[in-house]
There are 2 protein chains.
Amino acid sequence: MPADRYNPLIVTRNPSKMAKDDLPMTAPKGPTFQPLYKQIKELLLERIASGEWPPGTFIPSEASLASSYDVSVGTLRKALNELVADNVVIRRQGKGTAVATHDADRALFRFFNIVSHDGERCLPVSRVLGRTRRAPTADERQTLELADGGEVIHIRRVRELQGTAILLEDIVLDAARFAALENQPEVLPNTLYQLYQQQYGRTVAHADETLVAVRAGRDEVEQLGVASGEPLIEIRRVARDYQDVPIERRISRLSTRDYAYACTL
Amino acid sequence: MPADRYNPLIVTRNPSKMAKDDLPMTAPKGPTFQPLYKQIKELLLERIASGEWPPGTFIPSEASLASSYDVSVGTLRKALNELVADNVVIRRQGKGTAVATHDADRALFRFFNIVSHDGERCLPVSRVLGRTRRAPTADERQTLELADGGEVIHIRRVRELQGTAILLEDIVLDAARFAALENQPEVLPNTLYQLYQQQYGRTVAHADETLVAVRAGRDEVEQLGVASGEPLIEIRRVARDYQDVPIERRISRLSTRDYAYACTL
DNA sequence: TACAATTTGTGCGTATGTATA
DNA sequence: ATATACATACGCACAAATTGT
């Protein structure tokens, strides 16, 4: 089906489309009203989230989209620019507008906030310690919004920077959404979010993290080479997709002897 | 002096201002080139930073600024909207464009990333433990970019939420820039950034934080009521103004028994 | 190498809606 | 009711980057 017309746009308050002797506008005062460019933005986001335009592909040009939706290019540009601000698409002059992927250099660091003490950022290598399928804890069921009887995939791995292990990660996913992940692929890639995106069609759009200080336990002593009881930072992350649906629960413990968690306000 | 004309705008690539039989553009390829709206943005930022429009005041309207700079309203809007995105100004329909202050509710929380374990955010009360003037450490001299022989003001305080002390802060400022702060005002306000802005004309525009895990020492035991050696999060912040000039060095130690550091990516 | 076609980026102008004082 | 200021939406022209011929 050619995507030529998308009708149900509420243009009631669109000035240049209103005849002067139009009906008095009664409805559009409702709290559900959204300006035209916001509606376009949502429509585009739905089409991206639905998989119509997979990550990495180029979407139609401004001009063609504008005529499809029967809006001006300026209005469509405003919608696209908001999607750029939300890290959903990437635009390049002369080339086009592409759906954002997790392989661009900048995108990789968006979800890795750890720097060496002199401020350098570099990506760690990962070593998987275990992959299991099991019933969720109560906490996991709540944060991942699992159905009753659902199961989770649990991945535990260590990440090391320049040869020293600094991070012990426990990653939990809805087994229904990531069915085969328990034992396939054989070797997991360094950057899991790329895998979620490419193999499972789930794009991590943003994440919330809360940090607390904890003591190193047996596992951290063994894997990170820290002393027992050594202070660590525990990072509790919930990663979500475009529609705020939770995708992943990740709890990491960070040794801050050589590296630190960085945040810019 | 009436601000009527601002001449040195490089409009070489401004299409509608160029005659068709113009000289071939040779210069504007230089790496220093900035589009017109970026230049306008910088000019506005300079006037805000210079104190011509103090925080809280309304700047001239779009139309008047556009005619002052001899650009279109659209170009000026684009500059202003970037300043909105940078939290430099706040715009309200029908009212005008105001220079951002640190008293708006949202602005207060921008620099306070601590939430209770159930996700609630609330502002803490402060209790000052000491105010001294002293020579800087080597680290302080470097991060605050102090001149040789300069001194610093050092403020130590505890912040408590709902009656329990959770944060021990060591705040260090350039004594040359905050001369009277050592003993005046008698009682320091809860939100220091408002004081910097209102009394000293220094606006904190953004900050970088790095977090490490530490053990509670003698001071933390005494002030935060934690056990000796208890794991804490140490937050090392450098706050800067619009031009990235460092204003404040703040090292805080957070007890994460009831509260956590929150970050959204 | 040169040229053309396509696509986004910049800039201008205008009209009307909506919120505020 | 009026005036002001920002918000939305329309349109157009040209610049700059990219790609293919």
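How are H2(A) and H3(A) oriented to each other? Keep that in mind while you open this predicted model; we'll get there after a look at the whole thing.

**Stop 1: both chains**

Show chain A and chain B together. Chain A can be laid on chain B by a turn of 180° and a shift of 0.1 Å along the axis, with an RMSD of 0.1 Å. The two copies are thus related as by a two-fold rotation axis. To find that axis on screen, select Pro231(A): within chain A, its C-alpha is the one nearest the axis, at 2.5 Å.

Now look at where the chains touch. Of the interface residues of chain A, 100% are interface residues in chain B too, so the copies meet through the same surface.

**Stop 2: the domains of chain A**

Domain 1 takes in 5–15 + 103–261, while domain 2 covers 36–99. Going by C-alpha atoms, the centres of these two domains of chain A lie 28 Å apart.

**Stop 3: H2 and H3 in chain A**

Time for the opening question. Select residues 62–69 of chain A for helix H2, then residues 73–85 for helix H3. Their axes are 9 Å apart and the packing angle is about 110°. H2(A) and H3(A) are therefore roughly perpendicular to each other.

H2(A) brings Glu62(A), Ala63(A), Leu65(A), Ala66(A) and Tyr69(A), and H3(A) answers with Val73(A), Leu76(A), Arg77(A) and Leu80(A). By class, that contact of H2(A) with H3(A) has seven nonpolar residues, two charged ones and no polar ones.

**Stop 4: H1 and H3 in chain B**

Bring chain B back and select residues 36–49 (helix H1) and 73–85 (helix H3). Here the axes come within 8 Å and cross at roughly 55°. H1(B) and H3(B) are therefore oblique to each other, and their crossing is right-handed.

Among the residues making this contact are Leu36(B), Ile40(B) and Leu44(B) on H1(B), and Leu76(B), Leu80(B) and Leu83(B) on H3(B). Counted by class, the contact of H1(B) with H3(B) holds nine nonpolar, four charged and one polar.

**Stop 5: zoom in on Leu108(A)**

Finally, go back to chain A and click on Leu108(A), which sits in helix H4, residues 105–110. Which residues does Leu108(A) contact, leaving aside its neighbours within four places in sequence? They are His102(A), Asp103(A), Leu123(A), Thr191(A) and Gln194(A). Pick out Thr191(A): Leu108(A) and Thr191(A) are 83 residues apart along the chain, yet 7.9 Å separates their C-alpha atoms.

How values were computed: Residues are numbered from 1 along each chain as its sequence is written. Chains are lettered from A and ligands numbered from 1 in the order in which they are written. This is a predicted model: local features need pLDDT of at least 70, side-chain atom pairs count only at pLDDT 80 or more; totals for chains, interfaces and linings use all residues. Side-chain values use heavy atoms; hydrogens and water are left out. Copies are superposed by least squares on the C-alpha atoms of residues with pLDDT of at least 70 in both. Contact means heavy atoms within 4.5 Å. Axes are lines fitted to C-alpha atoms, for helices over the stretch in contact, and angles run from 0 to 180 degrees between N-to-C directions. Helices (H or I, at least four residues) and strands (E, at least two) are DSSP runs, numbered from the N terminus. Angles under 35 degrees count as roughly parallel, over 145 as roughly antiparallel, 65 to 115 as roughly perpendicular and the rest as oblique. A crossing is left-handed if the near helix is turned anticlockwise from the far one by less than a right angle, and right-handed if clockwise. Ala, Val, Leu, Ile, Met, Phe, Trp, Tyr, Cys and Pro count as nonpolar, Asp, Glu, Lys and Arg as charged, and the others, Gly among them, as polar. Domain bounds come from an automatic or database domain assignment.
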